[in-house]
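Colleague: I'm new to reading structures, so please take me through this one step by step.

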Amino acid sequence: MAVTPTPYALTHVEATAALAPKVTARDAVVKFVRTKPLGAAGAVIIIAMLVVGAFSGVLAPYDPYQADYGSQFARPSPDHWLGTDEFGRDLMSRIIHGARIALFVGFTASFMGCTLGGLLGVISAYSGGRVDLLLERLMDILLAFPQLILALAIASILGPAVENVVIAITVPIIPRAARVVRATALSVKENVYVEAVQALGALQRRIILRHIVPNVVAPYIIMLTAQLGGAILAEAALSYLGLGAAEPTPSWGLMLSGSALSYAQKARWIAVFPGIAISLGVFGFNLFGDSLRDALDPKLRGR
């Protein structure tokens, strides 16, 4: 028995779903400020430090190196808002110029340490085998030492100088960044598109730079911001112990050593104000780093 086909009118149905609006940089900033107010407060502190460091020559009311023995241990006053030290140098001017050193050491050490560690992590994850084994054992050796102890040992070998402090702080950051980036790179390596590119015969350098490195940028940025506060604190600790910047360099850690302890009862402001500057700097970077991690990590984004 033949079945007569039933005619159906075919109609074209237009899609009514609207495309998701493109998120601009301004929208991302506004969302970050609304959802992460503590992180926004940390960003304000960081921006303030950057402005102070960039325009320290204009903002500082006095020469931070010029001694005035007639104004020794001057209390905070309209002439010297934060007082003076044992050499009569204006403490506010030295703190303002010290922000430049703290930011230079913090950003340089964090960038170098996280970049080198990230590259080693990617190479270790992609190569596997003996290369991965050797690099991981090297990272284990570096991680066996506490971060500050390892920096202290390197700084004592290289000698007191700002450049040596950067190297001393960079080395302990490398294994920590390598571990985090390696874990992400291992998961990226197993994706189908990476296997497809490998099957097409792409060069290893192209696979790493075009397909793996862009996918580990988020943990790299998180590590970079997380290590900034620790780098500033490590620079202050090394300078306090006499292994960082040398006199008369206006370093926050150096201001806390020597005269700050000797004249703690006579001139408390010599230690109080540099300590506040260090605390604010570390506090700002830690707040911003934690909030940025929450914003970039998909597992924590909804919290």
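Colleague: Where does Phe73 lie?
Modeller: Helices are DSSP runs (H or I, at least four residues) and strands are too (E, at least two), numbered from the N terminus. With that in hand, Phe73 falls in the loop between α3 (56-59) and α4.

Colleague: What pLDDT do local features need in this model?
Modeller: Residues are numbered from 1 along each chain as its sequence is written, and side-chain values use heavy atoms, with hydrogens and water left out. The model is predicted, so totals for chains, interfaces and linings use all residues, side-chain atom pairs count only at pLDDT 80 or more, and local features need pLDDT of at least 70.

Colleague: Is Phe73 buried or exposed?
Modeller: Buried means under 20% relative accessible area, exposed means over 50%, and partly exposed is in between (1.4 Å probe, protein chains only). Because the relative accessible area of Phe73 is 15%, Phe73 is buried.

Colleague: What is the phi of Phe73?
Modeller: Phe73 is a residue other than glycine, yet its phi is positive. The value is near 55 degrees.

Colleague: How many helices and how many strands does the protein have?
Modeller: Read along the sequence, the pattern is α-α-α-α-α-α-α-α-α-α-α-α-α. The secondary structure therefore comes to 13 helices and 0 strands.

Colleague: At what angle do the axes of α4 and α13 cross?
Modeller: Two packed helices are described by the angle between their axes and the distance between the axes. Axes are lines fitted to C-alpha atoms, for helices over the stretch in contact, and angles run from 0 to 180 degrees between N-to-C directions. The axes of α4 and α13 (residues 269-296) come within 11 Å, and their crossing angle is roughly 35 degrees.

Colleague: Which residues does Ser239 touch?
Modeller: Ser239 is part of helix α10 (residues 217-240), and it counts as buried because its relative accessibility is 0%. Leaving out residues up to four places away in sequence, Ser239 touches Gly244, Ala245, Ser251, Gly253, Leu254 and Ser257.

Colleague: How far apart in space are Leu152 and Leu243?
Modeller: Leu152 belongs to helix α6 (residues 147-158), and with a relative accessible area of 28% Leu152 is partly exposed. Beyond four places in sequence, Leu152 touches Leu238, Leu241 and Leu243. Leu152 and Leu243 are 91 residues apart in sequence, and their C-alpha to C-alpha distance is 7.7 Å.

Colleague: What separates the C-alpha atoms of Ser127 and Gln204?
Modeller: Ser127 lies in α4 and is partly exposed, as its relative accessible area is 40%. Gln204 is 77 residues away from Ser127 along the chain, and the C-alpha separation is 9.3 Å.

Colleague: What percentage of the protein's residues count as buried?
Modeller: The percentage is taken over the 303 residues of the protein. The buried share is 41%.

Conventions. Contact means heavy atoms within 4.5 Å.
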